[in-house]
Amino acid sequence: MLHRNLSQSGPQVFSVGFGCMGLSQSYPPFPDKAESMILLRRAVEMGENFFDTSEIYGVYQNEELVGEALEPYRDKVVLATKFGWDIRYGKVCGLDSSPAAIRRAVEGSLRRLRTDRIDLYYQHRVDPKVPIEQVAETMKELIREGKILHWGLSEASVQTIRRAHAVCPVTAVQNEYSLWYRQPERELLPVLEELGIGLVAFSPLGKGFLTGQVGRDAEFAKNDIRSTIPRFNDRSNLAANQKIAEALRLFSCKRCLYPSQVALAWLLQQKPWIVPIPGTKKLERLQQNMSAAYVELSDADMQELDKLLSDIPVYGARYDPQMESMTNR
């Protein structure tokens with residue numbers, strides 16, 4: 001269970017990847033550069049080889065951090081980053097996946113990541129102005145040129161995935177998936193299995209909620225992404241959802257595990273081609289997350305978890321209306 005392939009021809013990665021966004025964006029306070037560098041390099045020394053970033057995280061800052069930290073380990077790691085944004089003078093002005101914009105983006109990411117190739121290059125959000133076939137053709141060209149090795153989609157509909165895959169095989173799709181967001185099981189997972197595409201699950205710990213560390217009285221700063229999300233910023237939703245965190249805590253405690261380990265192990269046991277990418281800023285949490293690759297839940301455990309959580313409703317949407325409108329559903 002320690003390593004798995006992202007699709008049939010995709011790269012082999014450690015079963016639990018490292019989502020780097022929180023080092024620069026969305027989950028303040030942010031560690032200083034030296035702390036982040038130490039954490040990223042320690043992750044490699046512990047066996048991590050799959051790191052996820054984007055040009056939009058901190059608007060270039062996260063890529064620069066990851067590139068500098070991992071440059072000495074470049075041949076040991078799989079780097080994933082994302083394109084698809086109209087960025088002007090350090091500000092995000094919308095979406096842009098035109099061929100010219102993609103080529104500008106890939107050159108910038110290569111420079112910031114201090115590498116001559118990107119292992120996995122995602123379209124971060126589907127651009128309704130650009131046919132996905134045109135995006136896929138551009139990916140085919142970049143693969144042929146050796147600038148990227150594989151490509152993927154993030155928050156894309158199954159129809160978009162099929163159309164893209166028909167032009168240039170998609171290696172992985174990124175989507176939120178966790179014990180408290182299971183919608184991908186309805187349509188997305190069956191299509192990925194049919195096409196042989198891997199799933200990279202972001203927010204596998206429910207943006208921190210499933211760890212049990214987000215209480216009913218939690219306060220979120222304005223630059224914390226959770227301040228915009230109904231599951232968190234609505235006090236009644238946050239209070240009602242504590243039942244989920246508590247149920248997971250009790251289940252984990254009986255098995256001498258952390259809730260994060262159970263949540264990640266549950267994901268890993270759904271399909272052999274699913275790789276969660278939790279983020280963290282602390283070495284202790286990194287160790288807990290990576291150790292989930294060694295946890296095996298029994299069939300009885302999995303059934304108990306499914307029943308436990310199916311009996312507890314989830315309150316509140318996972319995104320605000322503006323963010324949800326960008327998910328290509």
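Author: Buried means under 20% relative accessible area. The model discussed here is predicted.

Reader: Is Ser54 buried or exposed, and what is its relative accessible area?
Author: Ser54 sits in the loop between β4 (50–52) and α2 (61–70). The cut-off for buried is under 20%. Ser54 is buried because its relative accessible area is 0%.

Reader: Which side chain makes a polar contact with the side chain of Ser54?
Author: Leave aside neighbours within four places in sequence, and Ser54 is in contact with Glu63, Thr81, Lys82 and His124. One of these contacts pairs side chain with side chain as a polar contact, at 3.1 Å. The partner of Ser54 is His124.

Reader: How does the radius of gyration of the protein stand against the globule rule?
Author: The secondary structure comes to 13 helices and 12 strands. For 329 residues the globule rule gives 20 Å, and the protein is close to that, so it is as compact as a globular protein of that length. Its C-alpha trace spans about 55 × 45 × 40 Å along the principal axes. The radius of gyration is 19 Å.

Reader: Among contacts between residues at least 6 apart in sequence, what share joins residues at least 24 apart?
Author: Buried residues make up 57% of the 329 in the protein. For contacts, take those between residues at least 6 apart in sequence. The share that joins residues at least 24 apart is 75%.

Reader: How far apart are the centres of the positive and negative side chains?
Author: The accessible surface comes to about 14,300 Å², with 51% of it belonging to carbon and sulfur atoms. As for charge, the protein has 41 positive and 41 negative side chains. The centres of the two sets are separated by 2 Å.

Reader: Which residues does Val167 touch, not counting those up to four places away in sequence?
Author: Val167 is found in helix α5 (residues 158–167). It counts as buried because its relative accessibility is 18%, and the cut-off is under 20%. Ile132 is 35 residues away along the chain, with 9.2 Å between the two C-alpha atoms. The residues that Val167 touches are Glu133, Ala136, Glu137 and Lys140.

Reader: Which residue does a cis peptide bond join to Pro28?
Author: Most peptide bonds are trans. Here the bond is cis, with omega about -5°.

Reader: What is the phi of Glu155?
Author: Most residues other than glycine have a negative phi. Glu155 lies in the loop between β9 (148–154) and α5. It is buried, with a relative accessible area of 0%. Its phi is positive, about 55°.

Reader: What is the phi of Ser203?
Author: Ser203 is found in the loop between β11 (198–202) and α7 (230–233). At 14% relative accessibility, Ser203 counts as buried. Ser203 is not a glycine, yet its phi is positive, about 50°.

Reader: Which side chain makes a polar contact with the side chain of Gln261?
Author: Gln261 is in helix α10 (residues 259–268), and it is buried at a relative accessible area of 10%. Not counting residues up to four places away in sequence, Gln261 touches Gln288, Ser291, Ala292 and Val295. The polar contact has a distance of 2.7 Å. The partner of Gln261 is Ser291.

How values were computed. Residues are numbered from 1 along each chain as its sequence is written. This is a predicted model: local features need pLDDT of at least 70, side-chain atom pairs count only at pLDDT 80 or more; totals for chains, interfaces and linings use all residues. Side-chain values use heavy atoms; hydrogens and water are left out. Helices (H or I, at least four residues) and strands (E, at least two) are DSSP runs, numbered from the N terminus. The radius of gyration is taken over C-alpha atoms; the globule rule is 2.2 Å times the number of residues to the power 0.38. Buried means under 20% relative accessible area, exposed over 50%, partly exposed in between (1.4 Å probe, protein chains only). Contact means heavy atoms within 4.5 Å. Accessible areas come from the Shrake-Rupley method with a 1.4 Å probe; for residues, only the protein chains shown count as cover. Lys and Arg count as positive and Asp and Glu as negative; His and the chain ends are not counted. The place of a charge is taken as NZ of Lys, CZ of Arg, CG of Asp or CD of Glu. A polar contact is a pair of N or O atoms within 3.5 Å; within protein, one must be able to donate a hydrogen and the other to accept it, and residues adjacent in sequence count only if both atoms are side-chain atoms.
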